[in-house]
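This report describes selected features of the structure shown below.

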Amino acid sequence: MGLEVVQIINKPVSSNCFLLFDREVNNDCLVVDPGCEIPDVLDRKLSELRLWPKFIVLTHEHFDHIWGCNALVQKYHAQIICSTICSEAIQDAKKNHSMFYNQKGFVLPPADICVEDIDWTWVWNGKQITFSLAEGHTNAGIYFRIGKNLFTGDTLLKDLKTVTKLFCGSKDKLVVTIDQIKKLQGEGLRVYPGHGDCFDLDSYDLNKAF
């Protein structure tokens, strides 16, 4: 069967979490953007699929994409992978925007692996993952490719403009990032975004991001 991707909707703020696994290799699982405040749905799905989340990849630092990390780290000793700037921001309740959501806020431990330290590439379960800088929505963002799958976080959402007005956002930098993604069109990639539905990159109008 090869690589499988399962989508979970984070709550209470709706965003996408993805589980990546390959039964032909083992039961290890890569979790992308676990943003549930109480990750009970995620935990049940992991149990149902008999998966062990060894790693967490964060596309960026915003609270609705990282809320479930502490639970995964505590229960499964999962390791966090993200950019260096993201690692710094998740340790700050204001920079990860959780303080502005409920005036309580939360923080995460620093990343175990920063993508800059592994030269933006990583082999997981025999599959190469290529990370790329995704500035625009935030300067801490990344997107990554594994096989024919492209995980874009909030950098590219189906039929929606990318938000650039938050802290460290930049429309000019987003233009650069989208131009990079445009070069991937024609390769048959499936996009897994931070919110909303998944879609095929080849037929998508990237100008919708602006």
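## Helix α5 and its packing

The model is a predicted one. The buried positions in α5 are L174, T177, I178 and I181. Viewed down the axis of α5, these buried residues fall within an arc of 100°, so they line one face of the helix. On the other side of α5, D172 and K182 are exposed.

The length of α5 can be checked against expectation. Helix α5 comprises 12 residues (171-182), which at 1.5 Å a residue should span 16 Å; the C-alpha atoms at its ends are 16 Å apart, in agreement. At the start of α5, a side-chain oxygen of S170 comes to within 3.4 Å of the backbone nitrogen of D172.

In soluble globular proteins, nonpolar side chains tend to be buried together. Here, the largest nonpolar core contains 29 residues, and the members that touch the most others are L19, L46, I56, L58, L72, I80 and L108. Two or more residues of this core come from each of β1 (4-10), β2 (15-21), β3 (28-32), α1 (40-49), α2 (69-76) and β5 (79-82). A second, separate core has 19 residues, including F18, V32, V57 and I81.

L19 illustrates the packing within the largest core, being one of the residues that touch the most other members. Setting aside residues up to four places away in sequence, L19 touches E4, V5, V6, I8, C29, L30, V31, L42, K45, L46, L49 and L51.

Which residues of α2 are buried? They are C69, L72 and Y76. Seen down the axis of α2, the buried residues fall within an arc of 70°, so they line one face of the helix. The elements covering them include β3, α1, β4 (52-57) and β5. L72 is also among the residues with the most contacts to other members of the largest core.

Just after α2, H77 adopts a positive phi of about 60°, although H77 is not a glycine. This residue lies in the loop between α2 and β5. With a relative accessible area of 62%, H77 is exposed.

W124 belongs to strand β7 (residues 121-124). Its relative accessible area is 3%, so W124 counts as buried. Apart from neighbours within four places in sequence, W124 is in contact with L3, L20, F21, D28, C29, L30, F55, I129 and I146. Q185 is 61 residues from W124 in sequence, and their C-alpha atoms are 24 Å apart in space.

N96 is located in the loop between α3 (84-89) and α4 (98-102). Is N96 buried or exposed? At 0% relative accessibility, N96 counts as buried. Leaving aside neighbours within four places in sequence, N96 contacts E61, H62, F63, I66, A89, I90, F106 and V107.

## Cysteines

The structure contains 0 disulfides. For C17, the closest cysteine sulfur is that of C36, at 6.8 Å, which is too far for a bond. For C198, the closest cysteine sulfur is that of C17, at 12 Å, also too far for a bond.

Why does C17 count as buried? Its relative accessible area is 0%, and burial means a value under 20%. C198 is likewise buried, with a relative accessible area of 15%.

## Further backbone features

The peptide bond from K11 to P12 is cis, with omega near 10°.

D159 has a positive phi of about 60°, although D159 is not a glycine. D159 is partly exposed, with a relative accessible area of 45%.

Methods:
Residues are numbered from 1 along each chain as its sequence is written. This is a predicted model: local features need pLDDT of at least 70, side-chain atom pairs count only at pLDDT 80 or more; totals for chains, interfaces and linings use all residues. Side-chain values use heavy atoms; hydrogens and water are left out. A nonpolar core is a set of buried Ala, Val, Leu, Ile, Met, Phe, Trp, Tyr and Cys residues joined through side-chain atoms within 4.5 Å. Buried means under 20% relative accessible area, exposed over 50%, partly exposed in between (1.4 Å probe, protein chains only). Helices (H or I, at least four residues) and strands (E, at least two) are DSSP runs, numbered from the N terminus. Contact means heavy atoms within 4.5 Å. The expected span of a helix is 1.5 Å times one less than its number of residues. The arc is that of the directions from the helix axis to the C-beta atoms. A polar contact is a pair of N or O atoms within 3.5 Å; within protein, one must be able to donate a hydrogen and the other to accept it, and residues adjacent in sequence count only if both atoms are side-chain atoms. A disulfide is a pair of cysteine sulfur atoms within 2.5 Å.
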